[in-house]
Amino acid sequence: VIDLQGVTRIDKRSKQSLLLTDPLVHSIRRSPGSEPFFGRGDLGSAGAQAFLCSHRCGPTCRALGLPPPTQEELRKLGGAAPAATPGVSTWDLLDG
């Protein structure tokens, strides 16, 4: 999932929740030239790679419990993985 829209809701008991809608998904495993699994916005591996090259994780990623992509995952997408630096986590590299 590359993009989500959402709103915060508060119920009658003052319990807060987050309603997420409109997901945009780039499917990674599909045959070249095949129809996208998730509609016209599904740009496959190229879309996922472009997203990860420009995305900077922040409070939302952390609040959702999303781990940063590993260097191996970035390599599988064909992107340039950030160089490993002793004592620096992938979160630090992505936060730029």
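Strand β1 makes the largest contribution to the lining of the largest pocket, supplying 4 residues, where helices (H or I, at least four residues) and strands (E, at least two) are DSSP runs numbered from the N terminus. The model is predicted, and local features therefore need pLDDT of at least 70 and side-chain atom pairs pLDDT 80 or more, whereas totals for chains, interfaces and linings use all residues. Residues are numbered from 1 along each chain as its sequence is written, and side-chain values use heavy atoms, with hydrogens and water left out.

The chain contains 4 helices and 2 strands, and their order along the sequence is β-β-α-α-α-α. Of its 96 residues, 20% count as buried, buried meaning under 20% relative accessible area, exposed over 50% and partly exposed in between (1.4 Å probe, protein chains only).

The largest pocket holds about 830 Å³ of space. It is lined by 29 residues, of which V1, I2, F51, L52 and L66 are the closest to its centre. A pocket is here an open set of points on a 1 Å grid over the protein atoms alone, where a 1.4 Å probe fits, with protein on both sides within 12 Å along at least five of seven lines, and lining residues have an atom within 4 Å of a point; the volume is the space filled by probe spheres set on the points, which are joined across faces, edges and corners. At least two lining residues come from each of β1 (3-10), β2 (16-24), α1 (44-54), α2 (59-63) and α3 (71-76). By class, the lining comprises 18 nonpolar, 6 polar and 5 charged residues, with Ala, Val, Leu, Ile, Met, Phe, Trp, Tyr, Cys and Pro counted as nonpolar, Asp, Glu, Lys and Arg as charged, and the others, Gly among them, as polar.

On the surface, V1, L4, L18, L20, L64 and L66 form a nonpolar patch with about 520 Å² of accessible area together. Such patches join residues with over 30% relative accessible area and no salt bridge, nonpolar side chains (Val, Leu, Ile, Met, Phe, Trp, Tyr) being joined within 5 Å; a salt bridge is a side-chain nitrogen of Lys or Arg within 4 Å of a carboxyl oxygen of Asp or Glu, and areas come from the Shrake-Rupley method with a 1.4 Å probe. L18 is placed in strand β2.

Most residues other than glycine have a negative phi. S14, in the loop between β1 and β2, has a positive phi near 65° and counts as exposed at 61% relative accessibility. D22, in strand β2, likewise has a positive phi, near 50°, and is exposed at 54%; the C-alpha atoms of D22 and L4, 18 residues apart along the chain, are separated by 5.6 Å. R9, in strand β1, is partly exposed at 45%, and R9 and L19, 10 residues apart in sequence, lie 7.0 Å apart in space, C-alpha to C-alpha.

Notes:
Patch = residues over 30% accessible without salt bridge, like charges linked within 9 Å, V, L, I, M, F, W, Y side chains within 5 Å.
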